[in-house]
Amino acid sequence: MFSDETNRGLSARVATHVACVSYDQLEETTRDATRRALLDALGVTLAATGLAAEALPYRNLALAQGAGPSRVLGIDTCTNPVAAALANGALAHAMDFGDAFDPGAAHPNAALVPALLALSDADPRIDGGRFLAAMTAGSDLACRLSIAPARTYEEGGWYPPALVGLIASAAACAKLIGLDAKGICDAMGLAMLSASFPGEIKYDPGSPLRGVREAFAARGAVEAALLAQADARAFAEPLEGRAGFFAIYGGGGPTDALTADLGTRFLGDEVSFKPWPCCRGTHAYIEAALELRQRCDWREIVRAEAEIGPVQEMLIRPHSAKAAPENSIQAKFSIPFTTAHALVHGSVSLDSFGDAARADSPVLELAQRVVERRNPAWGREHAASGSLTLILRSGERLERQVPQAAGHPGNPLSNTALIDKFILCASRAAIPLDSGRAAAAAARILALGPGVSASSLLRMEHKTSDTRLQPSSD
């Protein structure tokens, strides 16, 4: 049983750890890593306010809940914290540009930041130190949950990124509003009742839910924390119970990965930041393509072989659909399309997945020639790896291996690169920030700490402009 003596008490141990994380006790490297993640999360969310029309239903529903203290990003309107978390959560992953934890299928800050932001807006006493401590604890827990099941969540039919984000964000939200370990444990249990995140989210190629799924995780996390604060009770063992989180979603466990080095190693320090706005699994091939195009004329490519393992299969099969994606989501989850686009244009950007980009004849023709070469030895540890071999008309073969795609902790993006990304994203917001104000906002975020209201620090100063989302490209 999952509640035997080996696992008994794990929920209480995790909740106690989350409750005890404090800004003062964190290493400066961890504080900086959390600030970097916060900067990145806010930037990609701002971009979505101007570009992600699929988030409109969530925003409209949030606004229908009436006025409140918490911002709905992209417009000068506030609502209650639960509704704001729903609206902003729908934006957080819509561009597929946020950070990722490569060892597990997790985007640990996608639901977390919108949820914490909604609660911080509601209580100006929450300062930057308290915010960063809660975010550090929540990001770490999401990463741990992603690698701790006895079997992968996908094997059970679940979609793990928002699933682990929901539970971790609920714990972090409960911490942020001052609950003790018992309240944090209750928040995790209550959160389990709010969403299930079936794998059909990713299997349906036309569904927009892949982009907006964090709306449900962020809303559920805030609601669970507020319920726990109001003395709602859940289960004593939400994680390890005989029908708890790991039994239901992970087929057993949890494994030792849940608590290994707990409190001394924060896995949120080890997230990867995306240089390109598409599925993390395509990045190694984009990186290889951008380097190889400097050594050849893409028009001379007869065939491009992408080395893949089981994790990458969904990004290249069925080949006919991946080579000619019907919508932006399919394009972002396509090795043939993203590789061909990089080879032809020398870049992959926020504008690479709209109608015009997907109708680009040279890209589509080359994408047909990007084929797989299966490596049976590759496993989950190669999720952010890849290699690309180009065969030219002359018979020459050009190869580039990418063990760790750009943005990985072993191949990191600099602060300068992250600030440039933030400035770019902020320029595409519904209420755009010019480069000067965006750079100033980035500097404030990267200096976040105690003594300053998290809500006031994170409020961006905008010029009044059209706040409507741009029409979807699909």
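## Helix α6

Helices here are DSSP runs of H or I with at least four residues, strands are runs of E with at least two, and both are numbered from the N terminus.

Helix α6 covers residues 128–147, and its end C-alpha atoms are 29 Å apart. At the N-terminal end, D127 caps α6, with a side-chain oxygen 3.3 Å from the backbone nitrogen of G129.

## Basis of the values

The model is predicted: local features need pLDDT of at least 70, side-chain atom pairs count only at pLDDT 80 or more, and totals for chains, interfaces and linings use all residues. Residues are numbered from 1 along each chain as its sequence is written, and side-chain values use heavy atoms, with hydrogens and water left out.

## Residue T259

T259 sits in the loop between α12 (245–249) and α13 (283–292). Its relative accessibility is 14%, so T259 counts as buried. Apart from neighbours within four places in sequence, T259 is in contact (heavy atoms within 4.5 Å) with L10, R13, V14 and R144.

## Whole protein

The protein has 21 helices and six strands. Of its 474 residues, 60% count as buried. The C-alpha atoms fill a box of roughly 70 × 55 × 40 Å along the principal axes.

Technical notes: Buried < 20%, exposed > 50% of the residue type's maximum accessible area, 1.4 Å probe, protein only. Expected span 1.5 Å × (residues − 1). Polar contact = N/O pair within 3.5 Å; in protein donor to acceptor, adjacent residues only side chain to side chain.
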